[in-house]
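Please look over the sequence and the structure shown below before reading on. The paragraphs that follow take up a pocket and a sheet in turn.

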Amino acid sequence: MTLPVVSVHDPLPGRRTCEPIVFTVPVELAGDLWTAVTAEGGEVLCQVLHADAVPGHTRLVTALTFTGRTTLTLLGPATGPLAGISELPPREADAVVRLDTGAFDLELCRGTAQGTGDAKWGLRHFASIAEGVDLLPSGNNAIGGFYGPFFTPENGLVNPPEHTVVDVEVIERGPVQHHYRMHGTVPDGLLPELRGKRFSIDWVFTYGSSSFKRVYQVDDFQTVINGRSVTNKITVGDEFESGQGSVVFDRYAALGGTRYRSGDPYAEELADMVEETLAGSTSTTETFGRFRAALTGDIEAAHWDLYWRLFCSWEAALPEAEIRERLGRVRETSHVLADLPDRRWKLATEPVDVSTTEHQTIFAGPADKTVEFHSVTGRAMVWWTSAPSGAFQIVQRPRSGWVNWGTNGENECPELPVGVVVKTAYGQLVDRWTEVADQLETPPVVTTG
């Protein structure tokens, strides 16, 4: 059997390292793993992809390291010991899988729907193998959750990652690539038009690659958040933590410069309403009593959950009418404060030191290529989205050790279109993050025959 040669061309300058390359050959191959030889004579492992199979054809994926151009010629079924993605003992009870991808040690969780930080689905542990530093050591935060339009004062702060257990479907599972699909339904909140909404999230991890891919799908919706019509836009939130007194990232930048406003009037008003409610509410629920006991001390050094759980309709610590009234006042006041004339937009041509801004928070303008990095260690997380998010909320808060990259504007207004591809790279990338972002945007061109 003679198989066609697969040509791979990189339209960008620079080197690709363990780049995911998917190609199709016009024959049904037996087995799950094949080897191929490159133009330079190196052998690579190819994994057959079983999803979306087409009769008479076979799709394969390999992790390819090359510069400029190369070719792939299939040799035959793979034999002998195989280097690739391996599974590790999980840390969390709700873990779907913990992977050593060759680049990352990560743990994907299905959540427990207990309404706490450690109940979230998503990546609850994530570390570069080379660095060995878990960016989520406590398991009380997660990379990959989505929030708006459900986690909004209009909807009673329903939190999909904390309030939902997801089912997880294995799409592909092999040494070159793992692909998982989460399925869930968001619990009902205050807004009728957002009830019963289902979602799915695809996660793709490739051996040796310094990046991974996600896509979010949600049932169609249209609602009003922050006084604006919102149609099929969501807030994706990637969280990181280091413990009080430091942050894993201390700078933010968008390609071409960062337009932003600093401060978060909504969070400040929500924290003030916590104090007012604890002092003045007549609620007699057990949940309210538990929150009252827990909400002591320095709230700004506490987990973000303590700002909002008191007013969450899912928690039912307060009657629904009281939740609506109190969040209505928070919303009204924070809307005014957000747009006062002295809260001006700034343009930063250099990365923004977010922890020096008011509330250690900025709301940045539209972008599709963004980065958060640590100015001393050089670690950087780079995001590319296949369509721009209309806004971002970036938090770098040493007081609590919490860092956030969120695709929302003021007052939790979601800004990332549903169905957008999100590619995320991590490592010692700060000096070349724009090159990495360009590579995330522009994959190599693959032709067969």
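Which strands and which helix each supply at least two residues of the lining of the largest pocket? They are S2 (15-25), S12 (167-173), S13 (177-185), S14 (198-206), S15 (211-218), S29 (421-427) and helix H6 (433-441), where helices (H or I, at least four residues) and strands (E, at least two) are DSSP runs numbered from the N terminus. This is a predicted model, in which local features need pLDDT of at least 70 and side-chain atom pairs count only at pLDDT 80 or more, while totals for chains, interfaces and linings use all residues. Residues are numbered from 1 along each chain as its sequence is written, and side-chain values use heavy atoms, with hydrogens and water left out.

S2 gives the most to the lining, with eight residues.

Turning to the sheet, eight strands form an open sheet in the order S12-S13-S14-S15-S29-S25-S24-S20, with antiparallel pairing; two strands pair if DSSP finds at least two bridges between them. Its edge strands, S12 and S20 (251-254), each pair on one side only. Within this sheet, six bridges join S24 (residues 367-373) to S25 (residues 380-389), and Val371 stands opposite Val382 in S25.
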